[in-house]
Amino acid sequence: MRPAREVLAQLRELRAGDLPTHGGRTLAYVYDSGLSGVDELAAQAHALASSANGLDPTAFPSLRRLENDLVAATARLVGGTPSTVGAVTSGGTESCLLAVLAAREGRPDVAEPSIVLPSTAHAAFHKAAHLFRVRPVVVPVDPVTFRADPDAMAAAIDDTTVLVVAGAPSYAHGVIDPVAPIAAAAAARGVRTHVDACIGGWVLPYFRRLGRPVPEFGFGVEGVTSVSVDLHKYAYCPKGVSVLLHADAELRRGHYFASADWPGYTMLNSTIQSTRSGGPLAAAWAVVQHLGDDGYLELARQTLAAVTAIADGIRSIDGLRLLAEPDSTLIALAAGDDSFDLFTVADEMRARGWYVQPQFAHGSSPVNLHLTVTAANRGGEAGFLADLAASVAGAREAGPVTVDENVAAFVAALDPDTLTGEQFEGLLTAAGMGGGAGLPGRMAGINALLGAATPALRERLLREFLGMLYRPD
């Protein structure tokens with residue numbers, strides 16, 4: 001048996017190589033309130049309930065109370081009514097999966113169901129379509145604003161449609177889709193509308209209270225039947241906790257599962273998971289109780305100020321532009337000219353201690369850098385913007401990133417459906433990652449190579465790469 005002190009020391013050593021989760025320098029994946037004591041509270045609450053199992057709410061009634069409290073708090077923010085019900089899930093993806101599953105199961109009369117999605121809808125809905133054998137009908141968005149086109153969405157609805165999706169906001173560009181006309185068109189055809197408010201559901205209502213013009217996107221909009229809100233985002237709770245809300249219990253019934261036709265206990269699940277640790281649930285409940293309405297309003301104030309300052313600063317940096325005006329807390333910035341490479345800017349920012357998320361070109365959306373702004377960024381805007389300007393200058397000095405012609409030809413000849421392990425290894429070697437060399441220190445060249453691949457090929461290559469990462473040493 002290893003001493004606990006030694007085990008924890010090794011864990012700290014391993015964690016030292018990760019991106020920082022506090023301080024506002026990682027502008028993706030993490031959400032930091034910047035408040036002291038919140039992590040400690042969450043950890044203590046997690047420890048109190050981590051051994052409890054949400055599989056059976058009659059055995060652990062405390063977890064049922066915690067879940068009902070979180071559902072009620074979330075519903076209040078997004079216009080819930082006394083009939084609104086919900087479920088706590090492991091994250092936004094599971095919430096989106098369950099929204100699709102409930103819609104599919106709610107229409108057993110449709111033999112080959114489909115869902116209508118704006119092209120900016122989160123990839124979780126494509127995952128749901130894949131898992132549940134539902135056909136995704138992808139509708140192009142406005143090429144300038146990147147918002148869903150209500151008329152095009154309405155035209156895509158047919159007799160097979162079981163769900164229509166809108167974003168509040170969409171992840172890639174941080175803009176809110178026109179929920180009201182989309183939901184109205186769906187309701188007129190007897191189709192459910194899900195609003196993916198995983199990012200904005202907890203913070204946008206506070207932005208509205210602060211005077212920001214935020215359109216209604218929740219149950220106050222006629223025709224909206226479900227809404228997803230992640231608490232591990234702007235409720236600043238530990239991962240992973242999300243809430244999926246339904247307008248009424250009948251709409252929720254489709255994602256419940258029961259199985260009694262076997263010799264063991266009768267399995268009964270409200271989500272995809274069976275065993276569910278009470279730890280994340282208790283941690284989220286404790287943070288929400290601790291911060292309260294006034295606390296979240298102040299955190300929203302700080303976040304909005306940071307978003308405004310960063311967006312204004314980007315406008316003043318020569319060569320950068322906002323890809324869309326941010327409606328929420330997400331900013332997508334693009335190059336205003338071709339004198340430098342944005343992937344190199346991301347590398348330059350990483351060298352300066354910041355992580356910004358590269359996004360590949362797709363449709364009318366060019367290569368861009370994605371920023372997730374939190375309350376922890378307030379006060380650090382000037383430093384971030386100075387380093388961003390310096391990174392653009394560094395990218396200009398470094399020059400364009402090009403893909404070797406032979407490598408480009410090799411990639412162009414690859415078929416994602418028949419890709420072999422040998423071909424993948426050959427590509428790794430060409431990219432300088434063969435022989436277990438691992439990721440290079442700078443990723444611009446790799447991103448340029450991936451950007452040259454079709455989406456289908458990029459998916460296949462990254463699946464192979466993921467498999468390479470998850471191999472025991």
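Guide: Begin with burial: a residue is buried under 20% relative accessible area, exposed over 50% and partly exposed in between. Bear in mind that this is a predicted model.

Visitor: How is a pair of aromatic rings described?

Guide: The description uses the distance of the centres and the angle of the planes. A search of the whole structure finds 8 aromatic pairs. In one of them, Tyr234 and Tyr236, the ring centres are 5.9 Å apart and the planes stand at 80 degrees, so the pair is edge-to-face. The cut-off behind that label is an angle over 60 degrees.

Visitor: Are Tyr234 and Tyr236 buried or exposed?

Guide: Tyr234 has a relative accessible area of 2% and is buried. Tyr236, at 6%, also counts as buried.

Visitor: Which parts of the chain does the pair of Phe343 and Phe360 link?

Guide: Take the geometry before the location. Phe343 and Phe360 are edge-to-face, with 5.7 Å from centre to centre and 65 degrees between the planes. The pair links distant parts of the chain, 17 residues apart: Phe343 belongs to helix α11 (residues 342–351), while Phe360 lies in the loop between β12 (357–359) and β13 (368–372). Phe343 is buried at 5% relative accessible area, whereas Phe360, at 22%, is partly exposed.

Visitor: Which charged group sits over the ring of Phe360?

Guide: The charged end of Arg458 does, 4.3 Å from the ring centre. Elsewhere, the charged end of Arg25 is placed over the ring of Trp354, at 3.9 Å from its centre.

Visitor: What is the general idea behind a nonpolar core?

Guide: In soluble globular proteins, nonpolar side chains tend to be buried together. Here the largest nonpolar core has 71 residues, and Trp202, Phe217, Leu231 and Tyr296 have the most contacts inside it. Helix α10 (residues 278–315) gives the largest share of this core, 13 residues. Another core, of 26 residues, lies apart from the largest one and includes Val307, Ile317, Leu333 and Ala395.

Visitor: Which residues are in contact with Phe217, leaving aside neighbours within four places in sequence?

Guide: Among them are Val78, Ala168, Val179, Val195, Leu204, Pro205, Arg208 and Val224.

Visitor: Now the sheet. How do strands pair, and what is the strand order here?

Guide: Strands of a sheet pair through backbone hydrogen bonds, either parallel or antiparallel. This open sheet of 7 strands has mixed pairing and the order β1-β7-β6-β5-β4-β2-β3. Its edge strands, β1 (85–89) and β3 (135–139), each pair on one side only. From one strand to the next, the twist averages 20 degrees.

Visitor: Which strands show the two senses of pairing?

Guide: For the parallel sense, take β2 (residues 114–118) and β4 (residues 161–167), which pair over 3 bridges; Ile115 has Leu163 in β4 as its bridge partner. For the antiparallel sense, β1 and β7 are joined by 5 bridges, and Val88 has Val243 in β7 as its bridge partner. β6 and β7 also pair antiparallel, over 5 bridges, with Val229 opposite Val243.

Visitor: Why is β7 described as largely enclosed?

Guide: In a regular strand the side chains alternate between the two faces of the sheet. In β7, 5 of the 5 residues are buried, so the strand is largely enclosed by the rest of the structure. Ser242, Leu244 and His246 are buried on one side, and Val243 and Leu245 on the other.

Key. Residues are numbered from 1 along each chain as its sequence is written. This is a predicted model: local features need pLDDT of at least 70, side-chain atom pairs count only at pLDDT 80 or more; totals for chains, interfaces and linings use all residues. Side-chain values use heavy atoms; hydrogens and water are left out. Rings of Phe, Tyr and Trp (its six-membered ring) pair if their centres lie within 6.5 Å; planes under 30 degrees apart count as stacked, over 60 as edge-to-face and the rest as tilted. Buried means under 20% relative accessible area, exposed over 50%, partly exposed in between (1.4 Å probe, protein chains only). Helices (H or I, at least four residues) and strands (E, at least two) are DSSP runs, numbered from the N terminus. A charge sits over a ring if NZ of Lys or CZ of Arg is within 6 Å of the ring centre and within 35 degrees of the ring normal. A nonpolar core is a set of buried Ala, Val, Leu, Ile, Met, Phe, Trp, Tyr and Cys residues joined through side-chain atoms within 4.5 Å. Contact means heavy atoms within 4.5 Å. Two strands pair if DSSP finds at least two bridges between them. Axes are lines fitted to C-alpha atoms, for helices over the stretch in contact, and angles run from 0 to 180 degrees between N-to-C directions.
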